Amino acid sequence: MNYILKNARIIDPGRGIDAVGDIGIENGLVADPGKVKKPTVMDLAGKVLTPGFIDLHVHLRQPGNTMAETIASGTAAAAAGGFTSVVAMPNTSPAADTAGAIEYLRQTAARTGVVRVLPCGCMTKGYAGQEMAGIGSLKTAGVVALSDDGKCIQDHALMRHVVEYAKSFELPILDHCEDNCLAAGGVMHEGKWSVLLGMNGMNGAAEELMISRNIILARQIGWSIHMQHVSVKESVDLLRKARAEGIAVTGEATPHHLSLTDENIKKYDTNYKMNPPLRSEEDRQALIRGVADGTITAIATDHAPHTATAKLVEFDHAPFGIIGLETALGVTYTVLVDSGIMQLPEYVKRLTTGPAEILRMKGYDLSEGKAADITVFDPEAEYVIDPAKFKSKSRNTPFGGRKVKCRPLLTFVGGKLVYSFEG
Amino acid sequence: MEWTRKDLLSLYDLNAEEIECILDTAAEFKKVSQRRVKKVPALRGKTVVNFFVEPSTRTRVSFELAEQRLSADVVNMQAQSSSLLKGETLLDTVKNIEALQVDLVVMRHSATGAQAFIASKLKCGVINAGDGAHSHPTQALLDIFTMREKKGTVKGLKVTILGDILHSRVARSNMWGLLKLGAHVTLAGPSTLVPREFESVPGVRVCHNLEEAVEGADVVNLLRIQHERQTAGFFPGIGEYARFFGINSDNMKLMKPDVLIMHPGPINRDVELSGEVADCSNSVILEQVTNGLAIRMAVLFLVAGCVKK
């Protein structure tokens, strides 16, 4: 089907465009709106149209935990959140550490996926941090990046070799930065609230240490390393300084670290348990500043589905992680843009060109002839988040009942309308 | 005042009036234990399950005796004999207990907040007998009861809690209870076991030097030092702990002459305190145990009165 999307505020950061206008979609590609044949015309006055959002950090749980999520349900959730591409983390069961596993992912995504699934391969076999995975074969199979997400390679010499080797295959590294010794046994941020509640804390230095390590390796090797879910103030400071020095390091922030703090844990709701944990208000403010000033160039959800059964347990025993695809826009727009901290075009970069650059994608924009991956949202819509309406198979979110502003309306992937908000 | 809670989870939740209400009720029950016939019919027809997911001897025995003296029907369950080992979730296990028309569950668990979690899902009453390093309200209440009994009032008392504060639910519960009743609280011990973050609580002093910590104290409450903290690298060894943080006849002289020496037990003689100090006239360690029975009777009685049938 062909479309003309009329009167939208088009924000296309890749081309520096922010203007009201029309966009055509023909045969799956962005086209001149004046020349589209047999179009469906949509009037989007007052709405915002951007390149499709890219989420660098999603757990689709297939294979291994399809009770919690599948490629079909996870990508439907992505579409409902305005995301047209998601990077699938490789810590599935079995892990995505071989060409065969990537082939399975690609075939299943092609058959059942709603949005683009960008495969990510493990850095080490079984993401166990012991032996390097077949990185060259993974590249050939189609991975866009490498990550041991959920775990962090503790052996610095091995990490050095992985980064060097990945460089020769031009694969970005997405690293979960955590020193196991300092975070061992922890279930929440180490600070005032862990001390008062008597829970085992995860020291912020656990993240800071590995980010420092990665900055050193990126500088020495001359290859980019991306820091996943940055959560503490000192990490933001380290990144800012390293980037000012021209070192190829990047960072992402999650909606929950931008909007919640460790104080929320005093009611023992396991939907506030994730890794890295919710930090202090000071950390949260530093993270917001980092996103606003461009130290952190991507918002990523770390969408981590778990069944209600898995989460309805003692806080200590609950698995880490919350879902985020369907709440990311509302939560982050409210905290970053509606608050007056960021201008809308700059904010849109964090969901589009920011993550695209981290994946080394060139020319991620809406110029004619490009694949029509398009997101339309309503920045004025105010609503209360209702998990019962989620497309995700899981409901493990702390945002149920939260009032937010900004709603995804339409999501096009390759010119196909894959999501349309229905009242 | 009228008691209105079906659960006792943490002293942080209670106000001063509620704490005083428990202490006053316990004073009445203490008299019962001094009679020739030590039993009253207050909980006759009520069923109490003691569910200890984490092992305990003294707290469980104290609760069980308190329940028996109130004429309740008592069932003991331990993690080893429960379905938790067969993969049942905690919530399912306690819902099964509730389905047997139980009135109260007394629970100990290794995870912070486990009792608060199940209490929010159950109609029967829940009494926290210790959750992780978070809370142990009946222990703190019996400590405070003992202080009040000996000193007349808790308000204005200088109370030093000394030892492994980081891992202690006894310390946290005492801290909240004492603050609500107007005492001055010092948390003391090795810097690795007494986090500075406690200073964010108004009325709390953190101290890593023994002499400073106990000087002029009205009460010194000692916590057991556990051997596994040494292997985890929090301090070099028992010998060094005893030398720098153990209470002995010499450093006792820094405290008020009528200082109370307290300990929740089990004590390690010549580690947290010398044998001499444990047995001296200032030591009220065994009276704490006696008072624990009265406190648990009071808590069971008050909470049972609020459980809806």
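I am working from a predicted model, where local features need pLDDT of at least 70, side-chain atom pairs count only at pLDDT 80 or more, and totals for chains, interfaces and linings use all residues. Residues are numbered from 1 along each chain as its sequence is written, and chains are lettered from A and ligands numbered from 1 in the order in which they are written.

**Entry 1: the sheet in chain B**

I looked up the two strands around that bridge: β2 (residues 47–52) and β3 (residues 73–78) of chain B pair in the parallel sense over 6 bridges. For my own record, strands (E, at least two residues) and helices (H or I, at least four) are DSSP runs, numbered from the N terminus, and two strands pair if DSSP finds at least two bridges between them.

Between β2(B) and β3(B) the chain passes through helix α2 (residues 58–69) of chain B, making a right-handed β-α-β crossover. Right-handed here says that, with the strands pointing away from the viewer, the path from the first strand over the helix to the second runs clockwise.

Next I traced the sheet itself, an open one of 5 strands in chain B with parallel pairing and the order β1-β5-β4-β2-β3. β1 (7–8) and β3 of chain B are the edge strands, each with a single partner, so one side of each has no neighbour in the sheet.

**Entry 2: two domains in chain B**

I then checked the domain assignment, whose bounds come from an automatic or database source. Chain B has domain 1 (7–136 + 292–304) and domain 2 (137–289), with 25 Å between their centres, taken over C-alpha atoms. I found 25 residues of domain 1 in contact with 22 residues of domain 2 in this chain; contact asks for C-beta atoms, placed from the backbone, within 7 Å.

On the domain 1 side, α1 (16–33), β5 (125–131) and α12 (285–304) of chain B each supply at least two residues. α1(B) gives the most, with 5 residues. That side divides into 13 nonpolar, 9 polar and 3 charged residues. My classes: Ala, Val, Leu, Ile, Met, Phe, Trp, Tyr, Cys and Pro are nonpolar, Asp, Glu, Lys and Arg charged, and the others, Gly among them, polar.

**Entry 3: where the chains meet**

How many residues of chain B are in contact with chain A? I got 19, against 13 residues of chain A. α3 (90–99), α4 (114–119) and α6 (169–180) of chain B each bring at least two residues to the chain B side, and α4(B) has the largest share, 3 residues. By class, the chain B side holds 9 nonpolar, 7 polar and 3 charged residues.

**Entry 4: domains in chain A**

I noted domain 1 (2–48 + 370–420) and domain 2 (52–358) in chain A. Here 29 residues of domain 1 are in contact with 46 residues of domain 2. For the domain 1 side, β17(A) provides the largest share, 7 residues.

Definitions and conventions: Contact = placed C-beta atoms within 7 Å.
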